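Dear colleague,

Please find below the structure that I am handing over to you.

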Amino acid sequence: MKKQNNLLIMVFLSMFVTIGVVISPILRFEGFAPTAHFVNIVCSVFMGPWYSLLNGVLTAFIRMSLMGIPPLALTGQVFGACLSGIFYRMSKGSLLAAVIGEIIGTGIIGAILSYPVMSIFYGSGDITWFYYLPSFLIATIIGGSVAFIFLKTLQKSKVLSKIQRELGIQVYE
């Protein structure tokens, strides 16, 4: 059973990374990738904060290396992925808390930390510490809203708890 559970976890993680890479060009432009936030939140709720963080890192590095996306892929994904899962667990299963974790993690923390990262790679130019904040916040709100509706639908139909049980993740009902 344990070996089968590990295989299922790896399949789900691979699926999230693949989905994150494939749908990332949809509605994407510099500092604005709502589909990445959708994937982050769904992965956080399905698998927890640490797998969501791993998903964010893997997805970002693949996007940067294969698609030429700047390091914003990393700063715009990993903080929200982790905080989304942590907030979901701390709230004992609140989907809204998962969305808020993504908004705080990516929309605020990731946006502010993008300035020094982008300054290192591209120079500071005319941007400020808060340059990425509006686009990151809007993208996380859009992606978070879609994720909330999707997960709420799964929750109402009891599919969410079934998936979490199969993955061996804490189920909150």
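The model is predicted: local features need pLDDT of at least 70, side-chain atom pairs count only at pLDDT 80 or more, and totals for chains, interfaces and linings use all residues. Residues are numbered from 1 along each chain as its sequence is written, and side-chain values use heavy atoms, with hydrogens and water left out.

Confidence

The pLDDT is the predictor's confidence in each residue, from 0 to 100. For the protein chain its mean is 88, and 94% of the residues reach 70 or more. Helices (H or I, at least four residues) and strands (E, at least two) are DSSP runs, numbered from the N terminus. Among the elements of the chain, helix α5 (residues 78–90) has the highest mean pLDDT, 95, while helix α4 (residues 72–75) has the lowest, 82. Where pLDDT is low, the predicted coordinates should not be read in detail.

Helix packing

Axes are lines fitted to C-alpha atoms, for helices over the stretch in contact, and angles run from 0 to 180 degrees between N-to-C directions. Angles under 35 degrees count as roughly parallel, over 145 as roughly antiparallel, 65 to 115 as roughly perpendicular and the rest as oblique. A crossing is right-handed if the near helix is turned clockwise from the far one by less than a right angle, and left-handed if anticlockwise.

Helix α2 (residues 34–47) packs against helix α7 (residues 133–156) at an angle of about 40°, with the axes 7 Å apart. The two helices are therefore oblique to each other, and α2 passes α7 in a right-handed crossing. In their contact (heavy atoms within 4.5 Å), the α2 residues include F38, I41 and V45, and those of α7 include I142, F150 and L154. By class, this contact of α2 with α7 has 13 nonpolar, four polar and no charged residues. Here Ala, Val, Leu, Ile, Met, Phe, Trp, Tyr, Cys and Pro count as nonpolar, Asp, Glu, Lys and Arg as charged, and the others, Gly among them, as polar.

The axes of α2 and helix α3 (residues 49–67) come within 8 Å and cross at roughly 150°. That makes α2 roughly antiparallel to α3. Their crossing is right-handed. From α2 the contact involves A36, V39, N40, C43, S44 and M47, and from α3 it involves Y51, S52, N55 and R63. Five nonpolar, four polar and one charged residues make up this contact of α2 with α3.

For α3 and α5, the axes cross at roughly 165° and come within 8 Å. That makes α3 roughly antiparallel to α5.

Yours sincerely
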